[in-house]
Amino acid sequence: MRFRHERIDASPPTQRLTFCETTDLTGNGRPDVIVGGKGVESNLWLLGSRTSYPNPRRLLREKTGIRAANVFWYENPGWERHAITDTGRFEVGAAVGDITGDGRDELVAGRTIHHPEVYWYQQPDDPRDRWHERLLTDRFEMYHDVRIADIDDDGEPEVVGLSQAAETVFYYDVPDDPTQEPWPDACCHVLADDLSVEGAEVVDIDGDGRTELIAGTNLFSRRDDGTWERESLAEGWDDVRVATADLDGDGRREVVFAEGDSPAHGTHPGRLAVFDTTDWEPTFLHEELFCPHSLQIADITGNGRPDVYVSEMGLGENDDPMHLLYANTGDGTLEQHVIARGTPSHEAKVVDMTGNGRPDVVGKSFTPTHHVDVWYNEE
């Protein structure tokens, strides 16, 4: 397996890049890349470490009043950059999906600490123009994960969110008029108000025809009366990224957890493990990773079986971050391959960027470096 690296932007307009999403905005059959961020760093970084000195770039913007885009997208091919908005500081929580029913994807994005807003952005006729910003809610704070999915099996999409600062897991029904601001409180359903977690997956995990929500290492299941119950799937795990697939071909999905912020904000090096949903026992793939905040499952090798991709962050501490592929051999084992190294990535996505049928990888750094990258799957 060979992956070719291309840097599509060495100097994004914002720093502390948070979310990375892909969807075909132009209708040419190729996914474009949407990136958001928290704005310019307050303090200057030198030699991989944050200093106490103010960042000149931030001071210049404050003095001149110049505002740069905090959410923007790259047009595929060519990677021309277009602004979506220059307002707000955004967290990882973002998702793309059609919430208006017009056949085009919207972007939902939540703001970071000390900011209660979740916005949704509606495409103009030409996505290269500035998008329409609409307030979805301002009830919670710091949205690390957002999903657009039919969580209650009513045939319509909902907006699902994890608010870390408010310790709330919630979802919103899309109102009849989604352009009203904010969406009515009657559309909001709170599943938990005592849970601060990362990682979300909306999926029928047990195959019973009813959709569940995995939030962190917790499973939310809907009862017959429409209320929700919560079950802990794993104890002693730091904040996780989560993905699911039938990895062993037994007809049941497995759950993969990666401790995306460990050890930087956790208690130990980042672990990566597959959990069998029959007994919730982990099979560890790696126990010494540095902040594996990118976790994806896709058939990367082209053998018809789902593989696991994970990559590490840099954060000024890890000089040799790895991109790992766990290739599915088909006999229940996953073989580790290092497919790239040396370039940190955060919230990377596995998607076919060229239309050749082979999944590629697109991602961006978080901090202190700031860049957007593609790794093309060339064999």
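**Salt bridges in the predicted model**

With a salt bridge taken as a side-chain nitrogen of Lys or Arg within 4 Å of a carboxyl oxygen of Asp or Glu, the count comes to 18 salt bridges in this predicted model. Side chains of opposite charge can pair when their charged atoms come close.

One of these salt bridges joins the side chains of Arg128 and Glu75, with an N to O distance of 2.7 Å. Because Arg128 lies in the loop between β10 (118–122) and β11 (132–137), whereas Glu75 belongs to strand β6 (residues 71–75), the pair ties together parts that are 53 residues apart in sequence. Arg128 is partly exposed, at 38% relative accessibility, while Glu75, at 14%, counts as buried.

A salt bridge is also formed between Arg230 and Asp194, whose closest N and O atoms are 2.9 Å apart. This pair links distant parts of the chain, with Arg230 in strand β19 (residues 228–232) and Asp194, 36 residues apart from it, in the loop between β15 (188–192) and β16 (200–203). Both partners are partly exposed, Arg230 with a relative accessible area of 40% and Asp194 with a relative accessibility of 47%.

In the salt bridge between Glu259 and Arg271, the closest N and O atoms lie 2.9 Å apart. Glu259 is found in the loop between β21 (254–258) and β22 (270–276) and Arg271 in strand β22, so that parts 12 residues apart in sequence are tied together by the pair. Glu259 counts as buried at 0% relative accessibility, and Arg271 is likewise buried, at 16%.

Methods
Residues are numbered from 1 along each chain as its sequence is written. This is a predicted model: local features need pLDDT of at least 70, side-chain atom pairs count only at pLDDT 80 or more; totals for chains, interfaces and linings use all residues. Side-chain values use heavy atoms; hydrogens and water are left out. Helices (H or I, at least four residues) and strands (E, at least two) are DSSP runs, numbered from the N terminus. Buried means under 20% relative accessible area, exposed over 50%, partly exposed in between (1.4 Å probe, protein chains only).
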